[in-house]
Amino acid sequence: MKIGDAYTKPIARVGRPKRRDGTPSVQEAGAAGGAADQVQISGQSFEVQRARLLALQAPDIREELVDAIVSDIRQGRYTITGAEVAPRMIREHLELR
C-alpha cells in the first residue's frame, strides 16, 4: 500500500518549536535584537569562592593533634572530664554566632 500526499501533512517549519504561550525563545529574542541578559560577578564573590576552595582543601582531621592526644591517653596524662568540656563547647558555640 502506498501512502499518498493526501495522508501526509506538510512540515510547517524546521527548527525549534515555539513556546506554547507565544513568547519567543531565548535564541529568537537574541536574533531579533532584544536586550541580552548579562551577569556581573563581584570581587567579593571571587573571595568567597577562593575561601571555599581553601576550606575544601584543608584536612578534615588534624593528625598531629589527634596523635598527641592518643599518646597522652595511653600514658595516662589525659584527664579531661565532661564537666570541663561542656562549658567550653557552649562558650565556643555562642562565640560563633
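I started with D72: at 23% relative accessibility, D72 counts as partly exposed, because the label covers values between the under-20% cut-off for buried and the over-50% cut-off for exposed. I keep in mind that this is a predicted model.

**Entry: the partner of D72**

Which residue does D72 form a salt bridge with? I found R77, with the closest N and O atoms 2.7 Å apart. I then looked up R77 itself, and R77 is exposed, because its relative accessible area is 53% and the cut-off for exposed is over 50%. Side chains of opposite charge can pair when their charged atoms come close.

**Entry: helix 3 and what follows**

I went on to helix 3, which covers residues 63–74. I checked its length: at 1.5 Å a residue, its 12 residues should span 16 Å, and the end C-alpha atoms are 16 Å apart, so the two agree. Where does the chain take a positive phi just after helix 3? I found it at G76, with a phi of about 75 degrees.

**Entry: the other salt bridge**

How many salt bridges does the count come to? I noted two. Besides D72 with R77, I have E92 with R88, where the closest N and O atoms are 3.0 Å apart. I looked up where these two sit: E92 and R88 both lie in helix 4, four residues apart, which is about one turn of the helix. Is E92 partly exposed or buried? I wrote down partly exposed, because its relative accessibility is 37%.

**Entry: a nonpolar patch**

Next I looked for nonpolar side chains on the surface. I73, Y78, I80, V85 and M89 form a patch there, and together they have about 470 Å² of accessible area. V85 counts as partly exposed, because its relative accessibility is 34%.

**Entry: the whole chain**

Last, I stepped back to the chain. What pattern does the chain follow along the sequence? I read it as α-α-α-α, and my tally is four helices and zero strands. I also looked up burial: of the 97 residues in the chain, buried ones make up 1%. For the surface, I noted that the chain exposes about 10100 Å². Carbon and sulfur atoms supply 56% of that area.

Methods
Residues numbered from 1 in each chain as written. Predicted model: local features only at pLDDT ≥ 70, side-chain atom pairs only at ≥ 80, totals over all residues. Heavy atoms only, no water. Patch = residues over 30% accessible without salt bridge, like charges linked within 9 Å, V, L, I, M, F, W, Y side chains within 5 Å. Areas by Shrake-Rupley, 256 points an atom, 1.4 Å probe, with all protein chains shown as cover. Salt bridge = Lys/Arg side-chain N within 4 Å of Asp/Glu carboxyl O. Buried < 20%, exposed > 50% of the residue type's maximum accessible area, 1.4 Å probe, protein only. Expected span 1.5 Å × (residues − 1).
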